[in-house]
Structure formats: C-alpha cells, structure tokens
Amino acid sequence: MLEIVAFESLTPGQRAQAADILHRALAHMKSAYSPEEAAEEVAKFGGEDCNAFAALENGNVLGWIGVTFVYDYSWELHPLVVDPRNQKSGIGSALIAHLEDYARQDGVLNLYLATDDDYGGTNLSGIDLFPDPLAKLATIQPVKGHPFTFYRKLGFSIVGILPDGNGFGQPDIMMAKRI
C-alpha cells in the first residue's frame with residue numbers, strides 16, 4: 001500500500017533512494033542531476049523555505065515531490081519525480097493530490113511549476129520563440145512524452161514560457177493551478 005510521508009521522517013537510506021530516483025528519472029534531460037547533485041538537492045528539503053513528501057511502499061521510496069514556499073499564496077512545485085520503473089502507476093498523481101491538500105491547509109491558492117524542454121519534448125524545442133513567444137506557445141504539442149500533458153490532466157494550465165531558459169531553443173514552460 002502506498003504511503004506518503006514528509007521528508008523529515010525518511011531514513012538516510014531512504015533519502016539516498018530519493019536522490020537516486022531524482023538522478024534516474026531526469027536522466028533524459030540535458031539539465032539532469034548527477035548522483036552528487038541529486039544528493040545535494042535532496043538534502044535541501046525539509047527546511048524553512050521548502051518541504052518535500054515521499055511515496056513509500058514497504059519502506060522503499062517510489063517517488064517524491066518538493067515544494068518551495070516562494071509567495072504567501074502561491075508555492076512552486078519542484079521537483080516531482082517517480083522511479084522510472086513505477087511511472088504511469090498513479091504515484092505522481094497521488095503526490096500532487098497530497099501536496100494540494102497540504103497547501104490548502106496553509107491557505108495557499110495556487111501551485112506553479114516550470115517544466116523544462118531541453119530535450120525535444122515539444123514542438124517548441126529547437127526553435128526561436130521570439131519575437132512572439134506567446135503565439136508560438138499557443139501551438140504547443142508533445143513530441144517525446146513531455147510532462148506538460150501529465151500536468152494538464154491534473155488541472156494545471158500553461159501560463160507562460162521562458163524562451164531559451166535552458167539555452168537557445170530550450171524553453172521552460174510555466175504552468176499553474178488554483179487549488
């Protein structure tokens with residue numbers, strides 16, 4: 001049975017599992033985390049400015065979600081990762097639902113995120129989005145299973161784009177959801 005717990009309750013071994021998942025789940029991206037960077041990222045969560053939750057099954061981490069408290073009423077979701085062996089099994093959706101409940105209890109109105117396209121995941125990758133990036137954004141289509149389609153299914157809307165956010169032709173797609 002899936003259990004979602006706060007990062008503070010994870011053992012060092014479970015935190016190592018979370019770092020490994022972060023490394024492997026995003027390995028297809030140019031901005032992927034090295035194993036060392038993934039461990040550093042995991043270590044950041046649980047402080048005053050951010051929190052995270054892990055999905056456990058039989059004590060093993062299957063995925064996790066982080067949140068940064070940027071504004072009083074809008075929080076940034078980053079990252080959301082699920083072990084590649086367990087993707088498309090509802091773990092990501094369960095983590096987002098848990099985060100939404102947690103945020104509502106704190107009076108948060110919106111969750112937002114940026115989802116990179118530095119690997120050709122959409123038709124917007126590899127092109128110059130200027131001079132009118134919003135017109136081009138209106139034509140967005142998935143090419144290689146980009147996660148914006150997953151987030152849309154969960155009620156997130158595309159609210160903007162940062163052209164060249166990850167290098168020329170590698171935009172960051174901004175999404176948000178009122179909770």
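Begin by selecting A38, E41 and V42 in α2, all of which are buried, where buried means under 20% relative accessible area, exposed means over 50% and partly exposed lies in between, with a 1.4 Å probe and protein chains only. These residues cover an arc of only 100° around the axis, which puts them on the same side of α2; the arc is that of the directions from the helix axis to the C-beta atoms. Helices (H or I, at least four residues) and strands (E, at least two) are DSSP runs, numbered from the N terminus.

Before going on, note that this is a predicted model in which local features need pLDDT of at least 70 and side-chain atom pairs count only at pLDDT 80 or more, while totals for chains, interfaces and linings use all residues. Residues are numbered from 1 along each chain as its sequence is written, and side-chain values use heavy atoms, with hydrogens and water left out.

**Around α2**

What covers the buried residues of α2 includes α1 (12-25), β3 and β4 (74-82), with contact meaning heavy atoms within 4.5 Å. Just after α2, select G46, which takes a positive phi of about 110°.

**Helix α1**

Select α1 next: its 14 residues should span 20 Å at 1.5 Å a residue, and its end C-alpha atoms are 20 Å apart, which agrees; the expected span of a helix is 1.5 Å times one less than its number of residues. The buried residues of α1 are Q14, A18, A19, I21, L22 and A25. Seen down the axis of α1, these buried residues fall within an arc of 160°, so they line one face of the helix. They pack against α2, β2, β3 and β4.

**The sheet**

Move to the strands, seven of which form an open sheet with mixed pairing, in the order β1-β2-β3-β4-β5-β7-β6. At the edges stand β1 (3-6) and β6 (157-162), each with a single partner strand, so one side of each is left without a neighbour in the sheet. From one strand to the next, the twist averages 30°; axes are lines fitted to C-alpha atoms, for helices over the stretch in contact, and angles run from 0 to 180 degrees between N-to-C directions.

Strands of a sheet pair through backbone hydrogen bonds, either parallel or antiparallel. Here, two strands are said to pair if DSSP finds at least two bridges between them. Select β3, where seven of the nine residues are buried, so that this strand is largely enclosed by the rest of the structure. On one pairing, β2 and β3 are antiparallel over eight bridges, and L56 has V61 in β3 as its bridge partner. These two strands form a hairpin with two residues between them, and N58 in the turn has a positive phi of about 55°. On another pairing, β3 and β4 are antiparallel over five bridges, with T68 standing opposite E76 in β4, and a hairpin of five residues joins β3 to β4.

**Aromatic rings**

Show the aromatic side chains next, among which the structure holds nine aromatic pairs; rings of Phe, Tyr and Trp (its six-membered ring) pair if their centres lie within 6.5 Å, and planes under 30 degrees apart count as stacked, over 60 as edge-to-face and the rest as tilted. One of these pairs is F45 with W64, edge-to-face at 5.4 Å centre to centre and 75° between the planes. F45 lies in the loop between α2 (35-44) and β2 (50-57) and W64 in strand β3 (residues 60-68), so the pair ties together parts that are 19 residues apart in sequence. F45 is buried at a relative accessible area of 5%, and W64 is buried at 0%.

Y151 and F156 form another edge-to-face pair, at 5.5 Å centre to centre and 75° between the planes; Y151 is buried at 7% relative accessible area, and F156 at 2%. Then select F53, F69, W75 and Y102, which ring pairs link into a cluster.

**A last stop**

Finish at I127, in the loop between β5 (110-116) and α4 (133-137), which counts as partly exposed at 33% relative accessibility. Not counting residues up to four places away in sequence, I127 touches K136, F168 and G169.
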